[in-house]
Amino acid sequence: VNNSPATLLVNGASINGMRDVTHLGIYDIAMLSNIPNLVYLAPVTCEEYFAMLDWSLEQTEYPVAIRIPMNGVVHTDEVVEKDYSKLNK
């Protein structure tokens, strides 16, 4: 099922706020890196998070994982990129 345009939201993927001994999210990149053609996005702002989420749901070429920040996201007035299809640039 490679290249299925699925969207995965990765929650709790951080060393910050680790309160569990069995469900640690620090190995998310190692675990997901085996998925062929996966696009892994890590937003910094709230606006960037929603732009990445919208793009991942609308595109039909790649599986996409979005890493949700553990400490929440900050709001900004900066213009956000809305097309993430230009990969590895």
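The model you are looking at is a predicted one. Its chain holds two helices and three strands, and these follow one another along the sequence in the pattern β-α-β-α-β.

- The three strands make an open sheet with parallel pairing, and their order is 1-3-2.
- Strand 1 (7–10) and strand 2 (39–41) are the edge strands, each of them pairing on one side only.
- From one strand to the next, the twist averages 20 degrees.
- Strand 1 and strand 3 (residues 64–67) run parallel and are joined by four bridges.
- Within that pairing, isoleucine 66 in strand 3 is the bridge partner of leucine 9, and leucine 8 stands opposite alanine 65.
- Strand 2 and strand 3 also run parallel, and three bridges join them.

- As a general point, nonpolar side chains in soluble globular proteins tend to be buried together.
- In this chain of 89 residues, buried residues make up 28%.
- The largest nonpolar core has twelve residues: Val39, Leu41, Tyr49, Ala51, Met52, Leu53, Trp55, Tyr62, Val64, Ile66, Val80 and Tyr84.
- Strand 2, helix 2 and strand 3 are the elements that give two or more residues to this core.
- Helix 2 gives the most, with five residues.

**An aromatic pair**

- Searching the whole structure turns up two aromatic pairs.
- One of them is formed by tryptophan 55 and tyrosine 84, which sit edge-to-face at 6.0 Å centre to centre, with 65 degrees between the planes.
- Tryptophan 55 belongs to helix 2 and tyrosine 84 to the segment after strand 3, so this pair ties together parts that lie 29 residues apart in sequence.
- Both tryptophan 55 and tyrosine 84 are buried.
- Beyond residues up to four places away in sequence, tryptophan 55 touches Val39, Leu41, Tyr62, Val64, Lys82, Asp83, Tyr84 and Ser85.

**Glutamine 59, a buried loop residue**

- Glutamine 59 is found in the loop between helix 2 and strand 3.
- Its relative accessibility is 9%, and because the cut-off for buried is under 20%, glutamine 59 counts as buried.
- A polar atom of the glutamine 59 side chain lies 2.7 Å from the backbone oxygen of tyrosine 62.
- The backbone oxygen of serine 56 lies 3.5 Å from a polar atom of that glutamine 59 side chain.
- Once neighbours within four places in sequence are set aside, glutamine 59 is in contact with Pro5 and Val64.

- Alanine 6 lies in the segment before strand 1.
- With a relative accessible area of 36%, alanine 6 is partly exposed.
- Leaving out neighbours within four places in sequence, alanine 6 is in contact with Tyr62, Pro63 and Val64.
- Alanine 6 and tyrosine 62 are 56 residues apart along the chain, while their C-alpha atoms are separated by 7.4 Å.
- Alanine 6 and glutamine 59 are 53 residues apart in sequence, with 9.5 Å from C-alpha to C-alpha.
- For the chain as a whole, of the contacts with a separation of 6 or more, 73% are between residues 24 or more positions apart.

Notes. Residues numbered from 1 in each chain as written. Predicted model: local features only at pLDDT ≥ 70, side-chain atom pairs only at ≥ 80, totals over all residues. Heavy atoms only, no water. Pairing = 2+ DSSP bridges. Axes fitted to C-alpha atoms, helices over the stretch in contact; angles between N-to-C directions. Phe/Tyr/Trp six-rings, centres within 6.5 Å; stacked < 30°, edge-to-face > 60°. Buried < 20%, exposed > 50% of the residue type's maximum accessible area, 1.4 Å probe, protein only. Polar contact = N/O pair within 3.5 Å; in protein donor to acceptor, adjacent residues only side chain to side chain. Contact = heavy atoms within 4.5 Å. Core = buried A, V, L, I, M, F, W, Y, C linked by side-chain atoms within 4.5 Å.
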